[in-house]
Amino acid sequence: MDKLLQIQNNEKINRADIPHLPFETFRQQLLECAATGGKVVQFFAYEDEGVSKLLAVMRTDKLYVGGCDAPDSFASLTAESEIFHMFEREIGEQYGLKAEGHPWLKMVRYHSNYNGKKDVFDNNYSQDIPGNYPYFSVEGETVHEVAVGPVHAGIIEPGHFRFQCCGERVFHLEIQLGYQHRGVEKLLQSVPLKRMAIIAETIAGDTTIGHGLCQAQALEALAGLEVDKGAKTVRTIALELERIANHIGDLGALSLDVAFNPPSAYFGRIRGEYLNPTQILGGNRFGRGLVRAGGVTHVMGDEQKKLLRDKLAELTPEVEHVNELIFSAPSVTGRFDNTGKVSKENAEKIGLVGYAGRASGLSYDARVSFPTECYAELPANSNSKTDGDVHSRGMVRREEIMHSTSLINTLLDKMEEAKSYTPQELLQLAPHSFVVSINEGWRGEVSHCILTDAKGEILRYKVKDPSFHNWMGLALSLRDEGISDFPLCNKSFNLSYCGFDL
Amino acid sequence: MLQVIKNRLEQGHRTSKYPKEPINLYKRFRGLPKVDPKCDGALIQRCADACPQDCIDTKNCRIDLGRCVFCGLCETLSGGKFVTFSQNCEMGTASRDDLFTQGDLPALAEHSKKHFKKLFGRSLQLRQISAGGCNACEADTNVLNTPFWDLSRFGIQFVASPRHADGIHVTGPLTKNMRAATITTFEAIPHPKVVIASGACAISGGPFYGSDEIVGDLNSIIPVDLYIPGCPPHPLTTLHALLTYFK
Ligand code: SF4
Ligand code: SF4
């Protein structure tokens, strides 16, 4: 890894300083990093003056960046390490560069590539999704296939699931997505700057703050903007409120999926109670319009502080009681235990992130490893149960709710007033620059990466939602499970379709 | 069991009395905007130039609520002189044109097709289709099923099968990849059926307008009966629109 450049989260780097290696060296460096437990933060293709290039950001306990000219087809890294799997498929789909020897080279989102190269999957997009898509199938007399979606039974996002089963037992689940693809990255690379925050906030609505924050930080680095302490506090509080609201909603849903209704009714309502404080902060339940490059659009005064503090004081005991109700019911734990297991070894192999990773014993938390905003001065959470099953994923969330609550209370106690905000109507980005931003959204590592050209315009905008890593985890959790446990496993991950599909 | 009872007592009865009693939203909430057309032209132009959604019509001094994402920038920039956001959530309309507004929308009840009220007034079953978008619209629709809102007390339900439905409730900018599934679902619903476009995405493409991966306007492939603006619409906006239009 000695040939990669070590960088900081949200650090503006001159593109000329990023090591530009021969492809073979680049490949070896990444594989070497992966072999010692390194993980991929970003790995993507882009086009610079007509030349296709690759760029990768790897993480160990530090961050590294490196790049190379991209051959039209190249020896797949996935063949040697699974953590590159989705990234190489995406590179093929977006820029027509083929990873030869990739064991599972299929479309990711089903769209024509950005540069008009020959389509890697031989699709011409006259057909509806999924085009040429060889589903994995298991042959055998007692084997049958269950296909679900894209339109599912509830009010949820679209996606297609194929189960290869023997009776009730699932051999394998294949998850084929792309239905939510709306061209986010292409938009971010082409629209005027004034539209960017709105698009970032709608990459995944339940991660409005997570994605909004990544973009704001990246733009701040490129435009040289300083953010005052008060604004950072508001942003940190907003990110933690987002985490609590989502965890609570999911714990309620998990309870419903094992037919224990009261907690689901309570948590259904209480989740909303945690969206309302976000509305108090910035006028919208999801935090739309709150975080902007340069700070936050609304300052937090004594009135908002008091409202927030009182709300938390009112809700926290209720939340504890409902959690106690869920996790002490034998009928619940009986169903949570040993269901949907992802071993630490497998989690490591596919690079699970967020609470799903932590539940399998991977302690990575971007708030601790690469702290932004106020996180450097806040205590970390450590989760107690790491069996990789539904129970562990539920427990992590239960613990994180309490941890996040105490973080917010700490911040409220020592909060400084945010300076009032001036809208950045004319943002000037540094030319020839690169920045990667990483935040621990509620699902896990959210990352945005921006490259600018000679004029300071955006040459490449890359988004990664934690779901990009974790969908494979859901597929693995279903192996050898009863098919009726799918809803439970699914909810325990609760991944984003739109965040994945972009 | 004891715990169940204890929690039940602690939780009590939480369903809101809406619509008998109004629900008040915090003053920072951005609901129906009010435009002052007499404000300085240069200021209007500045807001229009900065509006991320390009949805301010400077000539007629109107905002397109079908495209606006209620980000509040125009209010901040104009210091409230050109636009102020009220806490009024009632924004559903029966026509796309009505969404171009200075802040006064026609009464929705009067625009409801009479036979819809007769047919669906006492029982309305909807099939929700999520067609792109960011899932916040879906999340705040789902919220209507929680005890606070308790949508089913009004005889309105979201159902799993289109065969059981009286109409579709669509969110998202209708991605190309969801076009076929949306049409198939719509066709599977028996006549007569209603079509509801919910959120800026379904009405105009929302934050993703201009993308070549989306259709961007549900009405262009399926005629829409009811528009519910917002990004996402507040649960109250949706509830008000459903109750006023169908009840
Ligand atoms: S609130 Fe609506 S009209 Fe005002 S700037 Fe934002 S998108 Fe434009
Ligand atoms: S209208 Fe706004 S909230 Fe609704 S799906 Fe579109 S982007 Fe998300």
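This is a predicted model: local features need pLDDT of at least 70, side-chain atom pairs count only at pLDDT 80 or more; totals for chains, interfaces and linings use all residues.

Tutor: Take Ile5(B) as the example. Ile5(B) sits in helix α1 of chain B, which covers residues 2–11. Its relative accessibility is 42%, so Ile5(B) counts as partly exposed.

Now the domains of chain B. The assignment gives domain 1 as residues 33–89 and domain 2 as residues 108–246. Helix α1 spans residues 2–11 of chain B. The C-alpha centres of the two chain B domains are 26 Å apart. Their contact draws on 10 residues of domain 1 of chain B and 12 residues of domain 2 of chain B. Together these domains of chain B bury about 850 Å². Carbon and sulfur atoms account for 60% of that area. Look at the domain 1 side of chain B. There, Gly66(B), Arg67(B) and Cys89(B) supply 54% of the area buried against domain 2 of chain B, more than any other three residues. Between domain 1 of chain B and domain 2 of chain B, the salt bridge count is 0.

One loop in chain B deserves a stop here. Phe70(B) lies between β3 (62–64) and α3 (73–77) of chain B. Phe70(B) is not a glycine, yet its phi is positive, at about 55°. With a relative accessibility of 6%, Phe70(B) counts as buried. The cut-off for buried is under 20%, so a value of 6% qualifies.

Chain B also has cis peptide bonds to look at. One runs from His191(B) to Pro192(B), with omega near -15°. Pro192(B) is in the loop between α7 (176–187) and β9 (194–198) of chain B. Another cis bond joins Cys231(B) to Pro232(B), with omega near -10°. Pro232(B) falls in the loop between β10 (226–228) and α9 (235–246) of chain B.

Next comes the interface between the chains. Chain B puts 65 residues into the contact, and chain A puts in 65 residues. The two chains bury about 5200 Å² between them, with 53% of it on carbon and sulfur atoms. Within chain B, Tyr26(B), Arg28(B) and Asn177(B) lose the most area to chain A. Together those residues give 14% of what the chain B side buries. Between chain B and chain A, the count is 6 salt bridges.

Cross over to chain A. Its domain 1 takes in residues 1–126, and its domain 2 takes in residues 184–501. The C-alpha centres of these chain A domains lie 26 Å apart. In this contact, 38 residues of domain 1 of chain A meet 39 residues of domain 2 of chain A. The buried area between domain 1 of chain A and domain 2 of chain A is about 3200 Å². Carbon and sulfur atoms give 59% of that area. The count between these two domains of chain A is 3 salt bridges. In chain A, the side chains of Glu445(A) and Arg59(A) also meet in a salt bridge, at 3.2 Å from N to O.

Asn10(A) is in the loop between β1 (5–7) and β2 (13–14) of chain A. Asn10(A) has a positive phi, near 60°, and is a residue other than glycine. Its relative accessible area is 18%, so Asn10(A) is buried. Then look at helix α14 of chain A, residues 467–477. This helix is mostly covered, with 10 of its 11 residues buried. Among the buried residues of α14(A) are Phe468(A), His469(A), Trp471(A) and Leu474(A). Ser467(A) and Ser477(A) in α14(A) are buried too.

Note on methods. Residues are numbered from 1 along each chain as its sequence is written. Chains are lettered from A and ligands numbered from 1 in the order in which they are written. Side-chain values use heavy atoms; hydrogens and water are left out. Helices (H or I, at least four residues) and strands (E, at least two) are DSSP runs, numbered from the N terminus. Buried means under 20% relative accessible area, exposed over 50%, partly exposed in between (1.4 Å probe, protein chains only). Domain bounds come from an automatic or database domain assignment. Contact means heavy atoms within 4.5 Å. Buried area is the accessible area (1.4 Å probe) that two parts lose on being put together, summed over both. A salt bridge is a side-chain nitrogen of Lys or Arg within 4 Å of a carboxyl oxygen of Asp or Glu.
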